Amino acid sequence: MAGPLSGVRIIEMAGLGPGPFAGMMLADHGAEVIRIDRPGGAPETVLGRSRRSIVVDLKSPEGTAILRKLAKTADGLIEGLRPGVMERLGLGPDVLLGDNPRLVYGRMTGWGQAGPLAHAAGHDINYIALAGALHAYGRAGEKPTPPINMVGDFGGGGMMLAFGMAAALLSAQKTGKGQVIDAAMTAGAAVLMSMIWGFYGEGAWKDERGVNMLDTGTHFYDTYACMGGGYISIGSIEPQFYAELRRRAGLEHDPDFDAQMDPSGWGRLKDKLTVLFRTKTREEWCALMEGTDVCFAPVLSLAEAPSHPHNAARGTFIELGGMTQPAPAPRYSETRNDTPTPAPRAGADTAAILGELGYSDAEIAALADARAVAT
């Protein structure tokens, strides 16, 4: 694969959600990612793109030996198993860094490698709850609303692990020493809330939902329903953007809207905007406001987003393996990423990878007969 990480080899222990997302980010940007699939495993589709796959039974001594041999050729490894699982397989950091001192060993869990909850089960909703993030998502007077699994699994988990891998790989290039990355989704979700923690510490954020500037508390930063269905989003925070909203919405002479930052009027003004935005269709509001300094966009569905003219012009989405999906991001001025390839079938590259490690055809056949690998 072409990209800024070209020449980097990463081993990915197959998993769900955030682990494959981290692997996708690394692969999208040029790394060779070799996924270690379990016998009978079913890889994820979009998140599994641009990989090579080898099926190895890590509970067999032959399988463990294969992974150790492969890790000696790698720059990094990522895994999302519960703490202690890799050690019980004989594949923990002490073993693999002993074999390859330059290896960057990325570990992602919900709670972290240590702490009272380290060995407990959990999901995104639990991790962001403990981090203080979930409490902030939702409307006034309503219960917290999980932002699907963007904040824990993908933002605080997979993306944070990918960043940690890139940083540690740079360090290993300079120092010749690998290290272990403890990427906990609770910690990552907390980091994503850094600006809000800053506002809270300054007294500019109330520790409750739906009453602040960015959490639907205001009339000028929210979504509104339109006539005939569909929604629009308004983010007119700065005075000049707010003035443009008023002008294009026909509100420049309504004195009720003069005191933009007075919280006592937010609810009343939101009610007025709710009525106003229902007087036109989403398409009519787009014609009035899209592409202006109102800070406006239609709320597009998954089916609609790829065909929006801006997304189409930038190639924000691609078709791959018969499936629409986001294109790699971000982009670079000097380095061009390859177009991703579809997720491979589990074991599609088993024979080729074993051959590269020096196994003969007869040895590969014997490993397959012993069910230590599958092709």
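Two rings of Phe, Tyr or Trp (its six-membered ring) make an aromatic pair if their centres lie within 6.5 Å; planes under 30 degrees apart are stacked, those over 60 are edge-to-face and the rest are tilted. By this rule, the count here is eight aromatic pairs. The model is predicted, so local features need pLDDT of at least 70 and side-chain atom pairs count only at pLDDT 80 or more, while totals for chains, interfaces and linings use all residues. Residues are numbered from 1 along each chain as its sequence is written, and side-chain values use heavy atoms, with hydrogens and water left out.

View A. Trp-111 sits in the loop between β5 (104-109) and α5 (124-130), and Tyr-127 belongs to helix α5, so the pair ties together parts that are 16 residues apart in sequence. Helices (H or I, at least four residues) and strands (E, at least two) are DSSP runs, numbered from the N terminus. Trp-111 and Tyr-127 are both buried; that word means under 20% relative accessible area, with exposed over 50% and partly exposed in between (1.4 Å probe, protein chains only).

**View B. Phe-220, Tyr-242 and Trp-266 form an aromatic cluster.** Look for the rings of Phe-220 and Trp-266: their centres are 6.2 Å apart and their planes stand at 85 degrees, so this pair is edge-to-face. Phe-220 lies in the loop between α8 (194-201) and β7 (221-225), while Trp-266 is in helix α10 (residues 266-277), 46 residues apart. Phe-220 is buried at 0% relative accessibility, and Trp-266 is buried at 9%.

**View C. Two lysines sit over aromatic rings.** A charge sits over a ring if NZ of Lys or CZ of Arg is within 6 Å of the ring centre and within 35 degrees of the ring normal. The charged end of Lys-69 is 4.7 Å from the ring centre of Tyr-359. Lys-280 lies over the face of Trp-285, at 5.8 Å from the ring centre.

**View D. The largest nonpolar core holds 27 residues.** A nonpolar core is a set of buried Ala, Val, Leu, Ile, Met, Phe, Trp, Tyr and Cys residues joined through side-chain atoms within 4.5 Å. Among those with the most contacts inside this core are Ile-11, Met-13 and Leu-354. At least two core residues come from each of β1 (9-13), β2 (32-37), β3 (51-56), α2 (61-71), α4 (93-99), α13 (350-356) and α14 (361-369). Helix α2 gives the most, with four residues.

**View E. Ser-53 is buried in strand β3.** The relative accessible area of Ser-53 is 0%. A polar atom of the Ser-53 side chain lies 2.7 Å from the backbone nitrogen of Gly-347. Beyond its neighbours within four places in sequence, Ser-53 is in contact (heavy atoms within 4.5 Å) with residues including Arg-35, Asp-37, Pro-344 and Ile-353.

**View F. Cysteines without a disulfide.** A disulfide is a pair of cysteine sulfur atoms within 2.5 Å, and a search of the whole structure finds zero. Cys-286 is buried, with a relative accessible area of 14%. For Cys-295, the nearest cysteine sulfur is that of Cys-286, 15 Å away. Cys-295 is partly exposed, at 30% relative accessibility.

Conventions. A polar contact is a pair of N or O atoms within 3.5 Å; within protein, one must be able to donate a hydrogen and the other to accept it, and residues adjacent in sequence count only if both atoms are side-chain atoms.
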